[in-house]
Every structure is written in C-alpha cells, then in structure tokens.
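Have a look at the fold before reading on.

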Amino acid sequence: MDGLSLAERNTLGALLDTQSQDAVMARIPQFFQAETDNLVPPPRIVPEKLGVLMFNMERGVHLEEIREFLRDCPDIQPFDLILANELDDGCFRSGNKNTARELAQAFGLNYAWGLEFIELVDERNEKGFHGNAVFSRWPIRRAGVIRLPEQYNWYFDRQRRIGGRLAVFAEVEVGGKPLGVVSIHLENRTHGAGRQAQMAAILEAVDRELPDMPVILGGDLNTNTFDGRSKEDIGDIAGSPELRRRCLEDVFDFEPLLPICAAAGYDIVPGEPRLTRRKPLPDGDFLPLRLDWILLRGLKAEESRMVSTAKEDLTYARPGSALERFTGAELSDHNAVWALCAPK
C-alpha cells in the first residue's frame, strides 16, 4: 500500500484540530482499501477441519520472535487461517517493515491487510501505517475493510493518530467453497455500548458482503467490561476481587456485543473463561482480561485453547533461536486463541 510523505502526514494531521476524523480520512484513499496478495497456490489436499488462530501481535515489534512462535509453538498447530491485530507497515518501532507481508512470505500465506491508523508521533516512520490482517493458506477471492463508527478520537490522545477502528473481511475459497473471514479490532477507549455499536456495524456489513457462507469472526474485541477511558474504573476493579472476576467470568453479562453476536447465530469461542490480556497495573501486578475471541457461524469448534505468549511459557523455543534469546516479559501483551473448526 502506497504511503504518504512525512509532510503530507503532518499536513493532514493538522486538519484534525478543526475537522473530524471522517472528514480527514475521506482525503486518504488508503483507509478504504485492503492490501491483498495471493502469494501461494491452494493446498492440494482440502482438510476436513481448519485451524484458526486469532492473535493480537502488538505491532509486530518482535517480528522475528513471532515468526518462530508461529513456526514452533505446538499449541497453535495446524493453522490454516490467522486473524491478526496490530500489524505495522512502515513504523520505526517495528523496523519500518511491512510486517503483514513479511509474515505471509515467511509462511507461504495469502493475506489481506487494512489500515487502522496513521501514526503521527515519530518522524522516523517511513509510512506510520498500523492495521489488521487476515492470513490464509487458501485463495482470497475478495477482500475489503469495514470502517467502524467512531467512539474515540485518537488524534487528541498521546499517541496522535489519523484514523479509527476497523475490521478486515475476506472471502476465502476452500476447496471450491466460499468461507467468510473477518479480523476485528474494537475500541478500548469506550464503554460496552460503544463496542456494541461497532459490532452491530460489523454484523450488518458481514451479512451484506459475505452472504450465504460460513463465517469466522475474530479479533481483539476489547471486552474490558468497563470504560477504557476511566482510570477510576480500572483502579476500582484492580482493588476488588469481585470486579476482577467479571473481567474473566462474567464478560457476557457486561459486554452487550456478545449477546448480539449470539442472537445473530454466532457461537462464541472460547466458551469458558480464559485470560488473553495482562493489563499492567502501577503496583507491578496486572489485571487479567478476556479480550480476544473467535466467533463462528455455520461452523463449530471441536477444540480450542488459549496460548500464552509469556516468556516463561516459551519452553518450545529452539536452542540458539531468537525466541530462546528473547528477554522481554511477553512476546505480545495478548495471548493467542486457537480453534479447530469443522462444518456444522
């Protein structure tokens, strides 16, 4: 996807002092495109079941280690599809790489990537692009983006961005049959009603863009069970065992987007509580959250698991590998979710 010069980015960003994100984004066609590339032919054998991995890769900053995690972690094998969040293209923090394309090339995958934000804070960025992707071993016949109703203006955040949340959809052909796949990233700096409005827009778009086929939705839905803008709420929850439990055990009761997905015919995976995000707290502890989900319509999950990305759980790292040498606390600030999916 073509980038914008630093001067263009700064000029467009300055417009946000007086104009809306929608008005500025309308000047930037990249926000309404999906970078799509079918790099490999379809496998010769059509599996009865598909391995689906949902993974927020935290910008692809640890790209080499993520490649080795995808290659060597036994708990995410096999994977035929990856629904990925937070992949940079041309950001200094991740080596100014097109992280989605590099992963696709490394694993022989086709991909579709959509632009969520243009980052403005670091002038070393070649593009400053940041977004979400669908990866597939199967041909991507059609792909696009679903722009979501704004719940927070990121230009006035310390991160200073042009853009807003989105989903990337792809129609994948598996053995001659269509399959809809959607990678979603909902807003964290809002409340449950805001995320519900964004998910409602996705469900409507999926019915329009991917009709009459099985559908896999997945992504970081940011189901905090609280308003992510409220530091007071976060502090209250951190200090209350009862409120902490709702972040893992009672999410369905506090995040209305999940009931509307169930009402639309989607099975929610995982069904049982699983920690997928370790949110750091000032005292060195962390708040366990359940943010990352796979949702299925016309398919069922015969197996599913949460896969830790914490350093102490990377026991399968090969001797001498980047994963073994990794010294951070976690490969990503999210765990991954894997499911083995079969037709209903």
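In this model, Val182 stands opposite Leu217 in E10. The model is a predicted one: local features need pLDDT of at least 70 and side-chain atom pairs count only at pLDDT 80 or more, while totals for chains, interfaces and linings use all residues. Residues are numbered from 1 along each chain as its sequence is written, and side-chain values use heavy atoms, with hydrogens and water left out.

Strands (E, at least two residues) and helices (H or I, at least four) are DSSP runs, numbered from the N terminus. Two strands pair if DSSP finds at least two bridges between them.

| Partner of E9 | Sense | Bridges |
|---|---|---|
| E8 (residues 166-174) | antiparallel | eight bridges |
| E10 (residues 215-220) | parallel | six bridges |

E8 and E9 make a hairpin with two residues between them, and Gly175 in that turn has a positive phi of about 60°. Glu173 sits opposite Pro178 in E9. Because seven of its nine residues are buried, E9 (residues 177-185) is largely enclosed by the rest of the structure. Buried here means under 20% relative accessible area, exposed over 50%, partly exposed in between (1.4 Å probe, protein chains only).

Now the cysteines. How many disulfides are there? The count is zero, taking a disulfide as a pair of cysteine sulfur atoms within 2.5 Å. The sulfur of Cys73 is 17 Å from the closest cysteine sulfur, in Cys341, so that is too far for a bond. For Cys341, the closest cysteine sulfur is in Cys261, 15 Å away, again too far. Cys73 is buried at 2% relative accessibility, and Cys341 is buried at 2%.
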